[in-house]
Amino acid sequence: MAYASRIISHSKKQLRNAPNLLRHEQALLVRCFSFSGQPSVGKRDEIRRFNCHGYVTSEGDGVTKSFITKSLFGAPQGRDFSTTAVKGGNSIAGLGLNKLSVSQVLLRRGFSSSGLPPHQEIGMPSLSPTMTEGNIARWLKKEGEKVSPGEVLCEVETDKATVEMECMEEGYLAKIVRGDGAKEIKVGEVIAITVEEEEDISKFKDYTPSAPDASSAADTGPSVSTPPQKEVAKEPVASPEPKVSKPSEASAEDRVFASPLARNLAEENKVSLSSIKGTGPDGRIVKADIEDYLASRSKEAPAKAKHAAPADVDYTDIPHSQIRKVTASRLLFAKQTIPHYYLTVDSCVDNLMELRGQLNTLQEASGGKRISVNDLVLKAAALALRKVPQCNSSWTDECIRQFHNVNINVAVQTEKGLFTPVIRDADKKGLSTIADEVKQLAQKAKDGGLKPADYEGGTFTVSNLGGPFGIKQFCAIINPPQSGILAIGSAEKRVVPSSGPEQYKFASFMSATLSCDHRVIDGAVGAEWLKAFKGYIENPESMLL
């Protein structure tokens, strides 16, 4: 009876709290069954806050729009939901880097099934497109404190930024499962517990959440599964399986046919029978199979030892940072899945340098920031994309998506790794505006202050190793799901034929290499884009028209 009254009280409280959940303008309920939805990205100066109930709120221009992908009154325990946000401003369709530029928060609500009062398990949210795990920078709320809608619970470090996570329901923070500085927390792994009544806080002092892998797969979780669902989970066509618990491993071992001698030998050497193919009658595993497996494993060990550093060599192992892990996986994915080809052109930059000098004289007189060669390159690339829109496109399984906004990512190297902040609508902005934005974003990247809106939504990338490092020419790797990236080399003086009285003259030439996705950009189209780019570089006054 007491249990029923608590559930009724819980439901009434949720109904009273419904206005808070609907406080966002133009809220829309939608159910998301996959991660294929493409989010949109708003203006650069908007601030995102990701709340612990799966909502994304954006503050900027007084406009906030949200897609809510969970029940207003909380998700049943063991179910996970994701959210996407569409913010006011000049938005574009999401790209691979921002395909998951949303808050995927795993929140499960329990109703005393384990003898505990009603509570919520708050999971590590997915706060960036490439995030698979995150770190807790610090908790702004302490255990036992009351939490109210809109209050920030903690700061989460993603692979590219530090983001605030806020709460939208009233309650109490009963337990912090992962404290300040916790590292490498998988998305969906429980980080905190909230309760509705203050007197319930003490009951979670020694609370231990369920295993993160089991909680990440709702269909296989014991708290929600039914006999038919269990049978479905065993079929090979089921969704990606989590790591199997020890009881499941034992049952899998029992289903493998093996002789008693083979089983004993496998147990002594800690070998899983499921990883061995039997050669006995009807596929039965025999002793010889175990011995062959052990022999092959012993041969592999010396081969692996060859990659180890010699004993007399001094070295330091540097742990992978979050941004390094993400950069490595995405570049590997790009080289393995995107059919790259490369086009290189040399452009005379004498006129460009002359115009830059004139513009910087005006900038200094007006107190503005100096314009760099890279700023002029970004403007020329943006105008060339507008002139040849086929290169401002992205490959999908269903179609080639051609973007109407020219948003250019700029590669910025920092001590923490490589960042690519985005200049939105670069084709429509003046050179002084581009120069200001590039300097501001580069500084934010070096300070670790980039927000998702600062790097999401690019349609093309420019990487310049010429000016800073003097690299003559190089080929860059495409930033998926974009279809092109421009690699800029340094300018060098060459002797060229002269049209004047002298037979020869000196001229400065800059090398530019375009990496193309052949699925989207044919060779002739890539050449046409480079021709347009070269035209703007060699006749820079045309960029001002």
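Guide: In this predicted model, two residues are in contact when they have heavy atoms within 4.5 Å of each other.

Visitor: Which residues are in contact with Trp-529, leaving aside its neighbours within four places in sequence?

Guide: By that cut-off, Trp-529 is in contact with Ala-381, Ala-384, Leu-385, Val-388, Cys-391, Phe-460, Leu-486 and Leu-514, once its neighbours within four places in sequence are set aside.

Visitor: Which residues touch the most other members of the largest nonpolar core?

Guide: They are Leu-486, Trp-529 and Phe-533, in a core that has 74 residues. Helix α10, residues 373-387, gives this core its largest share, namely nine residues. Another core lies apart from it and has 11 residues, including Val-256, Ala-262, Leu-265 and Leu-273. As a general background, nonpolar side chains in soluble globular proteins tend to be buried together.

Visitor: How do you know whether Cys-154 is buried or exposed?

Guide: Buried means under 20% relative accessible area, and Cys-154 has 0%, so Cys-154 counts as buried.

Visitor: Why is strand β14 called largely enclosed by the rest of the structure?

Guide: Strand β14, residues 190-195, has six residues, and six of the six are buried, so this strand is largely enclosed by the rest of the structure.

Visitor: Which strands run antiparallel to β14?

Guide: Strand β7, residues 119-123, is joined to β14 by five bridges and runs antiparallel to it, and in this pairing Gln-120 has Thr-194 as its bridge partner. Strand β12, residues 171-176, is also antiparallel to β14, with four bridges, and there Lys-175 has Ile-193 as its bridge partner.

Visitor: What makes β15 and β21 edge strands of the open sheet?

Guide: The open sheet has six strands in the order β15-β24-β23-β22-β18-β21, with mixed pairing. Strands β15 (340-348) and β21 (422-423) are its edge strands, as each pairs on one side only.

Visitor: What makes β18 and β22 a pair, and in which sense do they run?

Guide: Two strands pair if there are at least two bridges between them, and strand β18 (residues 408-410) has three bridges to strand β22 (residues 460-464), in the parallel sense. Within this pair, Asn-409 stands opposite Thr-461.

Visitor: How do you know that the span of helix α11 agrees with its number of residues?

Guide: The expected span is 1.5 Å times one less than the number of residues; for the 17 residues of α11, residues 431-447, that should be 24 Å, and the end C-alpha atoms are 24 Å apart, so the two values agree. Just after α11, Gly-448 takes a positive phi of about 75 degrees.

Visitor: Which residues of α11 are buried, and what do they pack against?

Guide: The buried residues of α11 are Leu-431, Ile-434, Ala-435, Glu-437, Val-438, Leu-441, Ala-442 and Ala-445. They pack against several elements, among them α9 (350-366), α10 and α12 (452-455).

Visitor: How many helices and strands are in the chain?

Guide: The chain has 14 helices and 24 strands, and buried residues make up 47% of its 545 residues.

Methods. Residues are numbered from 1 along each chain as its sequence is written. This is a predicted model: local features need pLDDT of at least 70, side-chain atom pairs count only at pLDDT 80 or more; totals for chains, interfaces and linings use all residues. Side-chain values use heavy atoms; hydrogens and water are left out. Buried means under 20% relative accessible area, exposed over 50%, partly exposed in between (1.4 Å probe, protein chains only). A nonpolar core is a set of buried Ala, Val, Leu, Ile, Met, Phe, Trp, Tyr and Cys residues joined through side-chain atoms within 4.5 Å. Helices (H or I, at least four residues) and strands (E, at least two) are DSSP runs, numbered from the N terminus.
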